[in-house]
Amino acid sequence: MAILEVQNIEKHFGATKVLEDISFGLEQGQALAIIGSSGSGKTTLLRCLNFLEKPDHGRILVRGKTLFDADDPATQRESEVRKKRLHFGMVFQSFNLFPQYTALKNVTLAKELLAKEQPGFKSRKKEILAEIEGEGKELLAKMGLSDRAGHYPHQLSGGQQQRVAIARALALHPDILCFDEPTSALDPELTGEVLKVIRSLAEQKTTMIIVTHEMAFARDVADQVIFMDGGLIVEQGDAHQVIEHPQQERTRQFLSRYAD
(Lines give C-alpha, C1' and ligand atoms only; values in the text may rest on other atoms or scores of the structure.)
Protein backbone atom coordinates (compact mmCIF):
# COMPACT_ATOMS: atom_id res chain seq x y z
CA MET A 1 0.00 0.00 0.00
CA ALA A 2 1.25 3.48 -0.91
CA ILE A 3 2.08 5.74 2.02
CA LEU A 4 0.51 8.64 0.08
CA GLU A 5 -2.29 8.60 -2.47
CA VAL A 6 -3.34 11.81 -4.18
CA GLN A 7 -6.52 11.36 -6.19
CA ASN A 8 -7.88 13.86 -8.74
CA ILE A 9 -6.93 16.99 -6.82
CA GLU A 10 -8.13 20.30 -8.25
CA LYS A 11 -7.63 23.81 -6.91
CA HIS A 12 -9.11 27.07 -8.20
CA PHE A 13 -8.31 30.65 -7.30
CA GLY A 14 -11.35 32.48 -8.59
CA ALA A 15 -11.76 31.58 -12.25
CA THR A 16 -8.17 30.36 -12.51
CA LYS A 17 -7.67 26.60 -12.29
CA VAL A 18 -4.26 26.19 -10.62
CA LEU A 19 -4.36 22.39 -10.24
CA GLU A 20 -6.30 20.05 -12.51
CA ASP A 21 -6.88 16.34 -11.96
CA ILE A 22 -3.62 15.73 -10.04
CA SER A 23 -3.16 12.05 -9.15
CA PHE A 24 -0.08 10.14 -7.99
CA GLY A 25 1.13 7.74 -5.33
CA LEU A 26 4.24 7.55 -3.19
CA GLU A 27 5.70 4.46 -1.54
CA GLN A 28 7.38 4.33 1.87
CA GLY A 29 11.04 5.33 1.58
CA GLN A 30 10.72 6.89 -1.88
CA ALA A 31 11.81 10.39 -2.90
CA LEU A 32 9.60 12.16 -5.41
CA ALA A 33 10.85 15.27 -7.24
CA ILE A 34 8.33 17.68 -8.73
CA ILE A 35 9.72 19.88 -11.50
CA GLY A 36 8.24 22.55 -13.72
CA SER A 37 8.30 26.25 -14.50
CA SER A 38 7.29 28.90 -11.99
CA GLY A 39 3.51 29.10 -11.89
CA SER A 40 2.98 25.48 -12.92
CA GLY A 41 1.23 24.61 -9.63
CA LYS A 42 4.05 22.87 -7.75
CA THR A 43 3.93 24.98 -4.59
CA THR A 44 0.14 25.01 -4.55
CA LEU A 45 0.18 21.22 -4.65
CA LEU A 46 2.48 21.08 -1.60
CA ARG A 47 0.28 23.59 0.20
CA CYS A 48 -2.76 21.40 -0.48
CA LEU A 49 -0.95 18.37 0.90
CA ASN A 50 -0.04 20.32 4.03
CA PHE A 51 -3.59 21.74 4.32
CA LEU A 52 -2.40 25.31 3.94
CA GLU A 53 -4.82 25.37 0.99
CA LYS A 54 -8.07 23.43 0.66
CA PRO A 55 -8.52 21.57 -2.63
CA ASP A 56 -11.79 22.11 -4.47
CA HIS A 57 -11.95 18.50 -5.61
CA GLY A 58 -10.27 15.18 -4.91
CA ARG A 59 -8.92 13.09 -2.06
CA ILE A 60 -5.70 12.78 -0.05
CA LEU A 61 -4.92 9.53 1.76
CA VAL A 62 -1.99 8.66 4.04
CA ARG A 63 -1.39 5.01 4.92
CA GLY A 64 -4.80 4.19 3.50
CA LYS A 65 -6.63 6.69 5.73
CA THR A 66 -8.57 9.48 4.06
CA LEU A 67 -7.27 12.80 5.39
CA PHE A 68 -9.22 14.92 2.92
CA ASP A 69 -12.20 14.30 0.68
CA ALA A 70 -13.73 17.32 -1.03
CA ASP A 71 -17.09 15.52 -1.01
CA ASP A 72 -16.98 14.71 2.72
CA PRO A 73 -17.30 17.73 5.07
CA ALA A 74 -16.28 15.52 8.01
CA THR A 75 -12.72 15.42 6.63
CA GLN A 76 -12.54 19.22 6.39
CA ARG A 77 -13.08 20.28 10.01
CA GLU A 78 -10.72 23.09 10.98
CA SER A 79 -10.26 21.49 14.40
CA GLU A 80 -8.57 18.49 12.73
CA VAL A 81 -6.25 20.40 10.39
CA ARG A 82 -3.34 20.63 12.83
CA LYS A 83 -3.40 16.87 13.42
CA LYS A 84 -3.42 16.22 9.69
CA ARG A 85 -0.45 18.51 9.14
CA LEU A 86 1.61 16.30 11.43
CA HIS A 87 1.74 13.74 8.63
CA PHE A 88 3.70 16.24 6.49
CA GLY A 89 6.91 17.97 7.55
CA MET A 90 7.24 21.18 5.55
CA VAL A 91 10.49 22.95 4.63
CA PHE A 92 9.79 26.29 2.97
CA GLN A 93 11.86 28.39 0.58
CA SER A 94 12.50 31.18 3.07
CA PHE A 95 13.39 29.16 6.21
CA ASN A 96 10.52 30.65 8.35
CA LEU A 97 12.50 30.39 11.58
CA PHE A 98 11.39 32.29 14.69
CA PRO A 99 13.98 35.09 15.05
CA GLN A 100 13.54 35.33 18.82
CA TYR A 101 14.49 31.69 19.41
CA THR A 102 17.77 29.81 19.17
CA ALA A 103 18.34 27.12 16.58
CA LEU A 104 17.64 24.46 19.20
CA LYS A 105 14.43 26.13 20.36
CA ASN A 106 13.22 26.44 16.77
CA VAL A 107 13.67 22.68 16.42
CA THR A 108 12.01 21.71 19.71
CA LEU A 109 9.22 24.30 20.04
CA ALA A 110 6.44 22.46 18.18
CA LYS A 111 7.10 19.22 19.99
CA GLU A 112 7.13 21.01 23.35
CA LEU A 113 3.75 22.63 22.61
CA LEU A 114 2.25 19.28 21.64
CA ALA A 115 3.69 17.61 24.74
CA LYS A 116 2.06 20.21 27.01
CA GLU A 117 -1.34 19.15 25.71
CA GLN A 118 -0.83 15.51 26.69
CA PRO A 119 -2.21 14.04 29.94
CA GLY A 120 0.43 13.67 32.60
CA PHE A 121 2.70 16.39 31.23
CA LYS A 122 2.82 18.38 34.46
CA SER A 123 3.89 15.40 36.54
CA ARG A 124 6.73 14.57 34.12
CA LYS A 125 7.47 18.04 32.75
CA LYS A 126 11.20 18.13 33.49
CA GLU A 127 11.80 14.64 32.12
CA ILE A 128 9.74 15.20 28.96
CA LEU A 129 11.35 18.54 28.13
CA ALA A 130 14.83 17.10 28.69
CA GLU A 131 14.01 14.25 26.31
CA ILE A 132 12.73 16.68 23.65
CA GLU A 133 15.83 18.85 24.02
CA GLY A 134 18.05 15.80 23.64
CA GLU A 135 16.25 14.79 20.45
CA GLY A 136 16.61 18.35 19.16
CA LYS A 137 20.35 18.31 19.76
CA GLU A 138 20.63 14.98 17.96
CA LEU A 139 18.80 16.39 14.94
CA LEU A 140 21.05 19.45 14.84
CA ALA A 141 24.07 17.14 15.03
CA LYS A 142 22.64 15.19 12.11
CA MET A 143 22.51 18.48 10.20
CA GLY A 144 26.13 19.26 11.13
CA LEU A 145 25.05 22.07 13.46
CA SER A 146 25.99 20.85 16.94
CA ASP A 147 28.02 24.01 17.53
CA ARG A 148 25.16 26.27 16.43
CA ALA A 149 22.43 25.09 18.82
CA GLY A 150 22.57 28.31 20.87
CA HIS A 151 22.77 30.65 17.90
CA TYR A 152 19.85 32.79 16.74
CA PRO A 153 18.76 32.84 13.07
CA HIS A 154 20.48 36.17 12.36
CA GLN A 155 23.76 34.58 13.50
CA LEU A 156 23.44 31.75 10.95
CA SER A 157 24.13 31.60 7.23
CA GLY A 158 21.26 30.89 4.87
CA GLY A 159 22.42 27.31 4.46
CA GLN A 160 22.58 26.83 8.22
CA GLN A 161 19.10 28.32 8.66
CA GLN A 162 17.69 25.94 6.08
CA ARG A 163 19.32 22.99 7.81
CA VAL A 164 17.71 24.13 11.09
CA ALA A 165 14.39 24.23 9.22
CA ILE A 166 14.94 20.66 8.03
CA ALA A 167 15.71 19.54 11.59
CA ARG A 168 12.54 21.28 12.77
CA ALA A 169 10.46 19.46 10.15
CA LEU A 170 11.98 16.12 11.17
CA ALA A 171 11.38 16.70 14.88
CA LEU A 172 7.74 15.63 14.71
CA HIS A 173 8.56 12.42 12.80
CA PRO A 174 6.29 13.12 9.81
CA ASP A 175 5.25 10.38 7.41
CA ILE A 176 6.40 12.53 4.49
CA LEU A 177 8.96 15.34 4.39
CA CYS A 178 8.09 18.08 1.88
CA PHE A 179 10.57 20.59 0.44
CA ASP A 180 9.42 23.66 -1.49
CA GLU A 181 12.41 24.85 -3.53
CA PRO A 182 14.72 24.47 -0.50
CA THR A 183 17.72 26.08 -2.21
CA SER A 184 16.02 28.95 -4.08
CA ALA A 185 16.79 31.51 -1.36
CA LEU A 186 20.45 30.45 -1.08
CA ASP A 187 23.61 31.70 -2.72
CA PRO A 188 25.15 29.08 -5.02
CA GLU A 189 27.96 28.29 -2.57
CA LEU A 190 25.41 27.43 0.14
CA THR A 191 23.15 25.31 -2.06
CA GLY A 192 25.47 22.31 -1.93
CA GLU A 193 25.35 21.95 1.85
CA VAL A 194 21.54 21.77 1.85
CA LEU A 195 21.42 19.36 -1.09
CA LYS A 196 23.97 17.19 0.72
CA VAL A 197 21.61 16.90 3.71
CA ILE A 198 18.65 16.01 1.48
CA ARG A 199 20.77 13.47 -0.38
CA SER A 200 21.70 11.88 2.98
CA LEU A 201 18.02 11.71 3.96
CA ALA A 202 17.24 9.98 0.66
CA GLU A 203 19.99 7.44 1.32
CA GLN A 204 18.34 6.78 4.70
CA LYS A 205 15.06 6.11 2.85
CA THR A 206 13.23 9.11 4.23
CA THR A 207 9.95 9.50 2.35
CA MET A 208 10.13 12.89 0.62
CA ILE A 209 8.50 15.18 -1.91
CA ILE A 210 10.94 17.76 -3.29
CA VAL A 211 9.90 20.69 -5.46
CA THR A 212 13.14 21.69 -7.15
CA HIS A 213 14.84 23.28 -10.14
CA GLU A 214 18.02 21.29 -9.48
CA MET A 215 17.68 18.83 -12.37
CA ALA A 216 20.87 16.86 -11.80
CA PHE A 217 19.98 16.52 -8.14
CA ALA A 218 16.47 15.31 -8.99
CA ARG A 219 17.85 12.76 -11.46
CA ASP A 220 20.40 11.37 -9.03
CA VAL A 221 18.39 11.42 -5.79
CA ALA A 222 14.71 10.98 -6.64
CA ASP A 223 13.07 7.64 -7.32
CA GLN A 224 10.22 9.26 -9.23
CA VAL A 225 9.81 12.59 -11.04
CA ILE A 226 6.65 14.50 -11.89
CA PHE A 227 6.77 17.28 -14.47
CA MET A 228 3.98 19.85 -14.10
CA ASP A 229 2.91 22.53 -16.53
CA GLY A 230 -0.15 24.74 -16.40
CA GLY A 231 -1.53 22.98 -13.33
CA LEU A 232 -1.37 19.57 -14.98
CA ILE A 233 0.89 16.55 -14.59
CA VAL A 234 2.36 16.30 -18.07
CA GLU A 235 4.72 13.41 -17.39
CA GLN A 236 5.66 11.20 -14.46
CA GLY A 237 7.80 8.14 -13.94
CA ASP A 238 11.27 6.91 -13.06
CA ALA A 239 13.60 9.85 -12.43
CA HIS A 240 16.25 8.88 -14.97
CA GLN A 241 13.63 8.06 -17.59
CA VAL A 242 11.78 11.38 -17.27
CA ILE A 243 14.88 13.58 -17.10
CA GLU A 244 17.13 11.74 -19.56
CA HIS A 245 14.49 10.43 -21.99
CA PRO A 246 11.29 12.48 -21.65
CA GLN A 247 8.37 11.31 -23.73
CA GLN A 248 6.38 14.56 -23.91
CA GLU A 249 7.39 17.58 -25.98
CA ARG A 250 6.57 20.01 -23.18
CA THR A 251 8.88 18.08 -20.87
CA ARG A 252 11.66 18.13 -23.45
CA GLN A 253 11.28 21.87 -23.95
CA PHE A 254 11.43 22.52 -20.21
CA LEU A 255 14.48 20.30 -19.66
CA SER A 256 16.31 21.80 -22.64
CA ARG A 257 16.79 24.96 -20.53
CA TYR A 258 18.94 22.95 -18.16
CA ALA A 259 20.90 21.01 -20.78
CA ASP A 260 24.09 22.88 -19.98
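## Ground rules and overall build

Helices (H or I, at least four residues) and strands (E, at least two) are DSSP runs here, numbered from the N terminus. With that convention, D21 falls in strand β2, residues 16-26. This is a predicted model, where local features need pLDDT of at least 70 and side-chain atom pairs count only at pLDDT 80 or more, while totals for chains, interfaces and linings use all residues. Residues are numbered from 1 along each chain as its sequence is written, and side-chain values use heavy atoms, with hydrogens and water left out.

The protein chain holds nine helices and 10 strands. Its radius of gyration is 19 Å, close to the 18 Å that the globule rule gives for 260 residues, so the chain is as compact as a globular protein of that length. For your own checks, the radius of gyration is taken over C-alpha atoms, and the globule rule is 2.2 Å times the number of residues to the power 0.38. The C-alpha trace spans about 60 × 45 × 35 Å along its principal axes. Of the 260 residues, 50% count as buried; buried means under 20% relative accessible area, exposed over 50%, and partly exposed in between (1.4 Å probe, protein chains only).

## The largest pocket

Rolling a probe the size of a water molecule over the atoms shows where empty space is left. On a 1 Å grid over the protein atoms alone, a cavity is a set of points where a 1.4 Å probe fits but cannot get out, and a pocket is an open set with protein on both sides within 12 Å along at least five of seven lines; lining residues have an atom within 4 Å of a point. Grid points are joined across faces, edges and corners, and a volume is the space filled by probe spheres set on the points.

The largest pocket has a volume of about 630 Å³. Its lining has 19 residues, with N50, R85, L86, A110 and L172 nearest the centre. At least two lining residues come from each of α2 (78-85), β6 (88-91), α3 (103-116) and α5 (158-170), and α3 provides the largest share, five residues. By type, the lining divides into 13 nonpolar, three polar and three charged residues. In this scheme Ala, Val, Leu, Ile, Met, Phe, Trp, Tyr, Cys and Pro are nonpolar, Asp, Glu, Lys and Arg are charged, and the others, Gly among them, are polar.

## The second largest pocket

The second largest pocket has a volume of about 270 Å³. Its lining consists of 16 residues, and L139, K142, L170, H173 and P174 lie nearest its centre.

Helix α4 (residues 125-142) gives the most to this lining, with four residues. The lining here divides into six nonpolar, four polar and six charged residues.

## F51 and its neighbours

A search of the whole structure finds three aromatic pairs. Rings of Phe, Tyr and Trp (its six-membered ring) pair if their centres lie within 6.5 Å; planes under 30 degrees apart count as stacked, over 60 as edge-to-face and the rest as tilted. The ring centres of F51 and F88 are 6.4 Å apart and the planes stand at 70°, so this pair is edge-to-face. F51 sits in the loop between α1 (42-49) and β4 (57-62) and F88 in strand β6, so the pair ties together parts that are 37 residues apart in sequence.

F51 is buried, with a relative accessible area of 10%, and F88 is buried too, at 4%. K84 lies over the face of F51, at 6.0 Å from the ring centre; for this, NZ of Lys or CZ of Arg must be within 6 Å of the ring centre and within 35 degrees of the ring normal.

## Backbone points to check

Most residues other than glycine have a negative phi, and most peptide bonds are trans. F51 has a positive phi of about 60° although it is not a glycine. D21 has a positive phi of about 50°, and D21 is not a glycine either. At 44% relative accessibility, D21 counts as partly exposed.

G159 lies in helix α5 and counts as buried, at 0% relative accessibility. H213, in the loop between β8 (208-211) and α7 (215-221), is partly exposed at 25%. From H213 to T183 the C-alpha separation is 8.9 Å, and the two are 30 residues apart in sequence.

P73 is found in the loop between β5 (65-69) and α2, and counts as exposed at 61% relative accessibility. P73 and S23 are 50 residues apart in sequence and 21 Å apart in space, C-alpha to C-alpha.
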